[in-house]
Amino acid sequence: MNPCELNVAIAALTNYMYTALSKEDFVCLSIFLHELSKSMLTTTAFEGICFPQKGK
């Protein structure tokens, strides 16, 4: 999947959730996914710093 296709899939999923969930549920889900993505990015960054040979 290329970046454009991924962007379209994420936008479609977000639009669906926005229309299907209550405002409160959508906000809670958004906060949860935001925290999860920060955690995943941090883990990847630390792996790159602590174990640079893994990337090769």
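Reader: Where is the place of M1 relative to helix 1?

Author: M1 sits in the segment before helix 1. Helices here are DSSP runs (H or I, at least four residues), numbered from the N terminus. This is a predicted model, in which local features need pLDDT of at least 70, side-chain atom pairs count only at pLDDT 80 or more, and totals for chains, interfaces and linings use all residues. Residues are numbered from 1 along each chain as its sequence is written, and side-chain values use heavy atoms, with hydrogens and water left out.

Reader: Is M1 buried or exposed?

Author: Buried means under 20% relative accessible area, exposed over 50%, and partly exposed in between (1.4 Å probe, protein chains only). M1 has 73% relative accessibility, so it counts as exposed. Its C-alpha atom is 22 Å from that of K38, 37 residues apart along the chain.

Reader: How many salt bridges does a search of the whole structure find?

Author: Side chains of opposite charge can pair when their charged atoms come close. The criterion is a side-chain nitrogen of Lys or Arg within 4 Å of a carboxyl oxygen of Asp or Glu. The search finds 1 salt bridge, and it joins the side chains of K38 and E35 at 3.4 Å, N to O. About one helical turn separates the two, because they are 3 residues apart in helix 2. K38 is partly exposed at 41%, and E35 is also partly exposed, at 41% relative accessibility.

Reader: Which residues line the largest pocket?

Author: A pocket is an open set of points on a 1 Å grid over the protein atoms alone, where a 1.4 Å probe fits, with protein on both sides within 12 Å along at least five of seven lines; lining residues have an atom within 4 Å of a point. Here the lining is I10, L13, T14, M17, F26, L29, S30 and L33. Helix 1 (3-20) and helix 2 (23-50) each supply at least two of the lining residues. By class, 6 are nonpolar, 2 polar and none charged. The pocket holds about 190 Å³ of space, a volume being the space filled by probe spheres set on the grid points, which are joined across faces, edges and corners.

Reader: Which residues form a nonpolar patch on the surface?

Author: Patch members have over 30% relative accessible area and no salt bridge, and nonpolar side chains (Val, Leu, Ile, Met, Phe, Trp, Tyr) are joined within 5 Å. F32, L33, L36 and M40 form the patch, with about 400 Å² of accessible area together. L33, in helix 2, is partly exposed at 40% relative accessibility.

Conventions:
Ala, Val, Leu, Ile, Met, Phe, Trp, Tyr, Cys and Pro count as nonpolar, Asp, Glu, Lys and Arg as charged, and the others, Gly among them, as polar. Patches are made of residues with over 30% relative accessible area and no salt bridge: like charges are joined within 9 Å, nonpolar side chains (Val, Leu, Ile, Met, Phe, Trp, Tyr) within 5 Å. Accessible areas come from the Shrake-Rupley method with a 1.4 Å probe; for residues, only the protein chains shown count as cover.
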